[in-house]
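Subject: Structure handover and findings

Hello,

My notes come after it.

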Amino acid sequence: MEFMTGVKKKEDISVKTLLETPEGTEVKLEGAVHIIRDMGEVAFVILRKSEGLVQCVYEEGSVDFPLKDLKEESAVAVTGTVKKEDRAPGDVEVRLQTITVLSEPTEPMPLAVNKWKMNTSLEAMLNMRPIALRNVRERAKFRIQEGVVRAFRDFLHSQGFTEIHTPKIGAKGAEGGANIFKLEYFHRPAVLAQSPQFYKQMLVGVFDRVFEVGPVFRAEKHNTKRHLNEYTSLDFEMGYIEDYTDIMAMETGFLQYMVELLKEDYAKELEILKVMLPKTEEIPTVPFTKAKELVAEKYNRKIRNPFDLEPEEELLIGQYFKEEYDADFVFVSEYPSKKRPFYAMDDPEDKRYTKSFDLLFHGLEITTGGQRIHDYKMLSEKIAARGMTEEGMEQYLSAFKHGMPPHGGLGIGLERLTMKLIGEDNVRETTLFPRDLTRLEP
């Protein structure tokens with residue numbers, strides 16, 4: 001009888017451990033052959049591991065495997081001795097003794113993933129995404145994205161939030177409107193979730209503070225650099241708030257925590273991509289109407305839509321606050337009620353506006369949030385005033401019938417936030433496997 005007693009200890013060492021290993025120590029490494037540089041009697045075999053590259057030195061007569069039989073992108077296990085070398089990644093190289101091929105490719109690589117830049121189109125990279133992501137720079141983008149999600153989880157846990165997981169198939173969309181993917185669910189109509197909004201509000205009545213990281217679906221027929229039809233949303237909802245500024249303050253705290261975590265744990269990836277992290281010490285806030293007036297005056301731009309921000313206006317608001325306050329982020333608050341969902345709390349002093357906000361990062365909306373209506377009577381009246389029906393929302397509304405605390409929350413687009421962090425201009429660059437108007441594969 002055999003029993004499992006825990007994680008098996010591997011001989012294979014990490015890049016971090018390698019950098020701390022004394023010179024002359026024999027080590028074992030596993031990884032993919034990133035590139036082979038044959039210099040004649042000596043060759044450099046660069047291994048790609050999850051944390052980075054390792055330079056291995058192949059010398060004729062010292063290794064039990066013919067160099068001519070080694071292929072790039074083969075998965076290998078190697079042994080060798082550690083040697084300090086200033087010109088190698090991390091100032092360390094491994095003098096090879098043995099090479100064992102674990103698997104090898106059957107076709108030539110369609111992309112030059114071992115080059116610093118692949119010099120191919122975004123379309124080609126997306127078509128061959130599993131291969132393109134092996135490139136060091138491409139991989140660094142998603143390590144940084146991992147850091148963003150880690151920061152979101154760690155920070156909110158530290159603030160007393162409970163992580164939740166809500167359904168992505170439902171009977172009714174939280175946002176309403178036409179941008180809903182519809183499907184048949186065992187001979188009944190169903191929809192893909194536009195947001196975890198209803199569930200996270202209901203669960204504020206259970207846990208007080210909740211958050212979720214998960215996919216959301218928008219059936220918008222946009223084909224722009226900033227839109228996806230499936231993206232990852234970082235959502236939180238918190239109860240017992242004084243007003244919507246508590247939500248903005250919590251997001252500011254998250255962004256501050258995120259920047260520090262990225263500096264500490266993702267310095268290598270930041271260096272690879274030459275990322276300048278944004279300023280988060282303080283973030284200016286400006287009312288929606290005032291923001292439109294400021295950019296109209298400074299940039300001589302006519303206000304065309306008094307109820308929403310056009311993409312060009314978002315860019316100009318970002319530009320204005322960068323020029324005037326050296327701010328990378330800006331909260332735009334008090335959005336018009338007609339442009340916010342029915343559950344948004346109206347300003348009691350002027351019901352044309354809501355206690356809500358967007359966060360712009362370098363001129364792009366990455367967050368929408370605000371205070372929600374927590375009073376059942378008020379919520380029911382607003383649904384009726386919008387000409388909506390309560391059908392399909394009975395479970396959601398029942399939570400309010402039985403008492404809910406003042407609360408609010410937000411949703412952050414992970415791919416957009418990552419895009420702006422690393423300085424890309426197309427959200428597909430920071431999406432592992434994009435789903436847009438034309439793309440369902442890979």
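Below are the ground rules, then the findings by topic.

This is a predicted model, in which local features need pLDDT of at least 70 and side-chain atom pairs count only at pLDDT 80 or more, while totals for chains, interfaces and linings use all residues. Residues are numbered from 1 along each chain as its sequence is written, and side-chain values use heavy atoms, with hydrogens and water left out.

Helix packing

Start with helix α4 (residues 136-158) and helix α12 (residues 414-422). Helices (H or I, at least four residues) and strands (E, at least two) are DSSP runs, numbered from the N terminus. The axes of α4 and α12 come within 10 Å and cross at roughly 120 degrees. Axes here are lines fitted to C-alpha atoms, for helices over the stretch in contact, and angles run from 0 to 180 degrees between N-to-C directions. The two helices are therefore oblique to each other. For the classes, under 35 degrees is roughly parallel, over 145 roughly antiparallel, 65 to 115 roughly perpendicular, and the rest oblique.

From α4, the contact (heavy atoms within 4.5 Å) takes in K141, I144, Q145, V148 and V149. From α12 come L414, E415, L417, T418, L421 and I422. By class, that contact has seven nonpolar, two polar and two charged residues. Nonpolar covers Ala, Val, Leu, Ile, Met, Phe, Trp, Tyr, Cys and Pro; charged covers Asp, Glu, Lys and Arg; the others, Gly among them, are polar.

Salt bridges

The whole structure holds 44 salt bridges. The criterion is a side-chain nitrogen of Lys or Arg within 4 Å of a carboxyl oxygen of Asp or Glu. For accessibility, buried means under 20% relative accessible area, exposed over 50%, and partly exposed in between (1.4 Å probe, protein chains only).

- E30 and K10: the closest N and O atoms are 3.0 Å apart. The pair links distant parts of the chain, 20 residues apart: E30 lies in strand β1 (residues 26-38), K10 in the segment before α1 (15-19). E30 is partly exposed at 22%. K10 is exposed at 52%.
- E93 and R95: N to O is 3.1 Å. E93 is buried at 3%. R95 is partly exposed at 25%.
- E269 and R143: the closest N and O atoms are 3.2 Å apart. This pair also links distant parts of the chain, with E269 in helix α7 (residues 267-272) and R143 in helix α4, 126 residues apart. E269 is buried at 5%. R143 is partly exposed at 28%.

There is also a network of salt bridges that links K292, R301, R304, E310, E312 and E313.

Backbone

Most residues other than glycine have a negative phi, and most peptide bonds are trans. Here are some exceptions.

- D91 has a positive phi of about 65 degrees. D91 sits in the loop between β4 (75-84) and β5 (92-103). At 41% relative accessibility, D91 is partly exposed.
- F186 has a positive phi near 50 degrees. F186 sits in the loop between β8 (182-185) and β9 (188-192). At 68%, F186 is exposed.
- E441 and P442 are joined by a cis peptide bond, with omega about -10 degrees. P442 belongs to the segment after α12.

Best regards
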